Amino acid sequence: MLGIVAALVLMTFQDYGLSWDEEGLDQYGRLLLSWYTSGFKDRSAFGFANLYYYGGGFSLLANICNYVSPFGQYETRHLLGGIIGLIGLAGTWRLGRRLGGPRTGFLAVLILALAPRYYGHMFINHKDLPFGVGMVWTTLFLTRVITEFPRLTAGTIAGLGLAGGLTLGTRINGLIFFGYLAPPLFLWFITRRSKPAGSGLPWKDLGRGLLALLPAGLIMYLVMGLIWPWAWQGLWNPILALTMFSRFPFDGQVLFNGQLYPAQNLPGSYLPAYLAISQPEPFLIGLGLGLAWLVWKIRREPSSLGRPEAWVWLVAILAALVPLVYCVLMRPPLYNGIRHFLFILPPLSVLAGAGFDRLLALVSGRGRLLVVGLMAALFFWTAAIMVELHPYQYVYHNTLTGGVKGAEGRYELDYWGTSLAEATRRLTAALNLDGATAGRPWSVYVCGPALAAAYYFPSFLTLTAGRETADFEAYLAQFYCRPRSKGRRLVEVRRLGALLSAVDDYRPVRAGQVNTIYPARP
């Protein structure tokens, strides 16, 4: 499964357009690299926009790779994003295998690879996706801590320090993973207290185990500072970043179920509802089965909570559900659907994989063949939709909204603006067909991330800030992009019937000109 995804990454990474944040993140990475190459003298990275609140590991690595990559600077970023997404799939497999065995591990990685929101973001989301990858590996090492506690191996300490440091160096609110340890350690302590006298002092073992975690904490801090050097510039800087993220200063409007809400005042159901409508049916079915199995297991064998195998499951459950509960209760500013919470998809995929695994364990003979057949049909159906959406898998909505077409105008679709690359290529093809490439350059106004279109401009197209005088207007199909009147639709980018972006023509009408939307999808 990992080999198939790796091949897809290598074959398709150049199909993905630029996303809204990429220009700023690329510049931030260059400034971080300059801080190192200048002998720590160039401090411009520490005041760049608000990005110094984030770690820059991905952008730093991407800028280093650009020195040797044969591809363009943004194509290199997309390839690197695909590779890191693949590492996240590998971590999900390892976590599923550790918790539920080989079949759970395989099903978990299959479910996550066929989660369009995860797969689509691999190539274009270089903040949230790397954070999610760090979180799944950190969760994996936390399960090892619980299993080995209080005598932790060097591999567990080093792995937890490295994974945790990369996670915190990407986004400081990864500190939440420390909370995943507390309930399992409490159960461990209670279990040890209930053992007969002479079996050892739990307080002493607890202290020994916590002391063993100190080297992991030191490694975390060092790795975090290497990829997020602003965190080292002041003792309280990580706390300042954590405070900023808890009430992120975004006061825009968010489209949710056909209504516009202030990002600071979204309904508490926003994230759970978006999670339900943005994941494919196999994901939701498996998750339902997994949660039902866990409830049944606890009710049937409550004593199992006293065993280490239950404690490692508790870590994964907390990793999946605590962020969700936090959002419902605290209602932090949110936008772009589940983008900021992609990190809960790997542990949820493990739960879904366990659900299908337990279902297969309950049936045999023809019943098992029937279940496998139905599962295969669901997975192939999801894969076929992802192929149709390519390279915009992340706009996926399931049948609860009537698919992507049913979500049009009710939920955000191409909020990253990646379809502007295809719109530009098709505009170029249309002008070539018309023979309109000679003479003065044509001006293009872009509603959306300007570089997402301009990066693909040929020599006869130029970017303009003068909307009223532009020859063409390229725009995203978002509520904040309203094309001006009297334009002729020249290009449309659609997937599964839903409009993602378009280009309108405002040049004077020529004699005999026929209004045509073209060319067809390549």
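Phe356, Leu359, Leu360 and Ala361 of helix 16 meet Arg368, Val371, Val372, Met375 and Phe379 of helix 17, contact being defined as heavy atoms within 4.5 Å. Helices are DSSP runs (H or I, at least four residues) numbered from the N terminus. The residues of this contact divide into 8 nonpolar, no polar and 1 charged; Ala, Val, Leu, Ile, Met, Phe, Trp, Tyr, Cys and Pro count as nonpolar, Asp, Glu, Lys and Arg as charged, and the others, Gly among them, as polar. The structure is a predicted model, in which local features need pLDDT of at least 70, side-chain atom pairs count only at pLDDT 80 or more, and totals for chains, interfaces and linings use all residues. Residues are numbered from 1 along each chain as its sequence is written, and side-chain values use heavy atoms, with hydrogens and water left out.

The axes of helix 16 and helix 17 (residues 365-389) come within 9 Å and cross at roughly 155°. Axes are lines fitted to C-alpha atoms, for helices over the stretch in contact, with angles from 0 to 180 degrees between N-to-C directions. Helix 16 and helix 17 are therefore roughly antiparallel (over 145 degrees). Their crossing is right-handed, that is, the near helix is turned clockwise from the far one by less than a right angle.

For helix 7 (residues 128-148) and helix 8 (residues 154-168), the axes come within 8 Å and cross at roughly 155°. This crossing angle makes helix 7 roughly antiparallel to helix 8. The crossing of helix 7 and helix 8 is left-handed, the near helix being turned anticlockwise in this case. Among the residues that make the contact are Phe131, Trp137 and Phe141 of helix 7 and Gly155, Gly159 and Leu160 of helix 8. By class, the contact comprises 8 nonpolar, 7 polar and 2 charged residues.

His340 is located in the loop between helix 15 (308-330) and helix 16 (345-362). At 17% relative accessibility, His340 counts as buried (under 20% relative accessible area, 1.4 Å probe, protein chains only). Residues up to four places away in sequence aside, His340 touches Asp128, Arg171 and Tyr335. A polar atom of the His340 side chain lies 3.5 Å from the backbone oxygen of Tyr335.

Leu284 lies in helix 14 (residues 281-300) and, at 27% relative accessibility, counts as partly exposed (between 20% and 50%). Beyond its neighbours within four places in sequence, Leu284 is in contact with Leu275, Ala276, Gln279 and Asn398. Leu284 and Ser349, 65 residues apart in sequence, are separated by 9.3 Å from C-alpha to C-alpha.

Definitions and conventions:
Helix = DSSP H or I, 4+ residues; strand = E, 2+ residues; numbered from the N terminus. Parallel < 35°, antiparallel > 145°, perpendicular 65-115°, else oblique. Polar contact = N/O pair within 3.5 Å; in protein donor to acceptor, adjacent residues only side chain to side chain.
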